[in-house]
Amino acid sequence: MRLIITLFTAALALLFTVSAASAYRIDMTAYFSDDQGTQGALYDDSPLQIGDFIQFAVDLNSEGAADIAIIGFGMVFGDSSFAYRKDLSSTTSYLLYTTGKNPFLIANAVCGGYQVPTAGDGCSLFGEGTTGFIPNQVGVAHNSSSSTLAGVPAPAPPGTELVILTFEVISTAAGAELFDFDFDLARGGILQLGDGSRVALGLGASEEVFLPEPTVGLLSLAALATVVTIQRRRHA
């Protein structure tokens, strides 16, 4: 009986820990588009080439929790293969607004300032213009519109979009690159509630993007040329 109670207590504690740890969560969904305007979901075999674009819709889900005052995190990417295109990125105008839309969460200075963002007001590379500049991380941050940073009580359902981040393929030499979330406190990671307390933020899965290596393409062309040559010799 004692063993059953112990196991039940342990399971309950684990359940509470998991539920508490995942009360706030961010996820990303990747899409690609080419220079012809073709768009679609990103798959392992997506034909990404130099000049193509990848867009990440970053969503917030508070899973019934509420009272967010500040949220900040980073998106880390391979800057040898991708360039962040702030001019093609965007933030959400109003987020988690109350009935009177005040206060509400709005993108802060790194995402366009304390105004209603429009298309093109995407976030900045972390530390842009400062000595702490990090070229391969985009900083994503939203604050309560209230001057006292009072929390916004409306909970975020799944799919509440924070930003759309756009990246351009500038090289395929790496073969593959990883897009990942960063919640390092030294790099802008924060989730603060209206009472000033800070809680954990659940981070969604990383997204690995595969790029066709130039050598593979050259080998394929060479192999094709060899086959054509052999066929011609046979016919001759």
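Q: Let's start with charges: which residue forms a salt bridge with Asp182, and how far apart are the closest N and O atoms?

A: The general idea is that oppositely charged side chains can pair when their charged atoms come close. To count as a salt bridge, a side-chain nitrogen of Lys or Arg must lie within 4 Å of a carboxyl oxygen of Asp or Glu. Here Arg187 is the partner of Asp182, with the closest N and O atoms 3.9 Å apart. Keep in mind that this is a predicted model, where local features need pLDDT of at least 70 and side-chain atom pairs count only at pLDDT 80 or more, while totals for chains, interfaces and linings use all residues. Residues are numbered from 1 along each chain as its sequence is written, and side-chain values use heavy atoms, with hydrogens and water left out.

Q: Are Arg187 and Asp182 buried or partly exposed?

A: Go by relative accessible area: under 20% is buried, over 50% is exposed, and in between is partly exposed (1.4 Å probe, protein chains only). Asp182, at 13%, counts as buried, whereas Arg187 is partly exposed at 32%.

Q: How many salt bridges does the structure hold, and which residues are linked in a network?

A: The structure holds four. Arg85, Asp87 and Glu168 are linked in a network of them. Within it, the side chains of Asp87 and Arg85 meet with N to O at 2.7 Å. Both of these residues are partly exposed, Asp87 at 47% and Arg85 at 23%. Another salt bridge joins Asp27 and Arg25 at 3.0 Å, N to O. Asp27 is partly exposed at 28% relative accessibility, and Arg25 is partly exposed with a value of 28% too.

Q: Zooming out, how many helices and strands does the protein have?

A: These are DSSP runs numbered from the N terminus: helices are H or I with at least four residues, strands are E with at least two. The protein has two helices and 14 strands. Of its 236 residues, 39% count as buried.

Q: How do I read strand pairing, say for S4?

A: Two strands pair if DSSP finds at least two bridges between them. S4 and S9 pair antiparallel over seven bridges. S4 is also joined to S12 by four bridges and to S11 by three, again antiparallel in each case. For landmarks, look at Ile70, whose bridge partner in S12 is Gln192. Then find Met75, which stands opposite Val138 in S9 and opposite Phe181 in S11. S11 also runs antiparallel to strand S14 (residues 207–210), with four bridges between them; there Ala176 stands opposite Phe210.

Q: How many of the residues of S4 are buried?

A: In a regular strand, side chains alternate between the two faces of the sheet. As for S4, eight of its nine residues are buried, leaving the strand mostly covered.

Q: Which residues touch the most other members of the largest nonpolar core?

A: A nonpolar core is a set of buried Ala, Val, Leu, Ile, Met, Phe, Trp, Tyr and Cys residues joined through side-chain atoms within 4.5 Å. The largest one has 40 residues, and those touching the most other members are Val58, Phe73, Met75, Phe82, Val138, Leu165 and Phe167. Strands that each supply at least two of its residues include S1 (25–33), S4 (68–76) and S10 (160–169). S10 gives the largest share, five residues.

Q: What does Met75 touch, leaving out residues up to four places away in sequence?

A: Contact means heavy atoms within 4.5 Å. Among the residues Met75 touches are Met28, Phe56, Val58, Leu165, Phe167 and Phe179. For the whole protein, take contacts between residues at least 6 apart in sequence: 78% of them join residues at least 24 apart.

Q: Where is confidence lowest, and where is it highest?

A: Check pLDDT, the predictor's confidence in each residue, from 0 to 100. The protein averages 76, and 69% of the residues score at least 70. Helix H1 (residues 2–21) is lowest with a mean of 40, while S5 is highest at 95. Over residues 216–234 the value is below 50, and this stretch has zero contacts in the model beyond near neighbours in sequence. Residues 113–117 also stay under 50, but the model has 16 contacts for them beyond four places in sequence.
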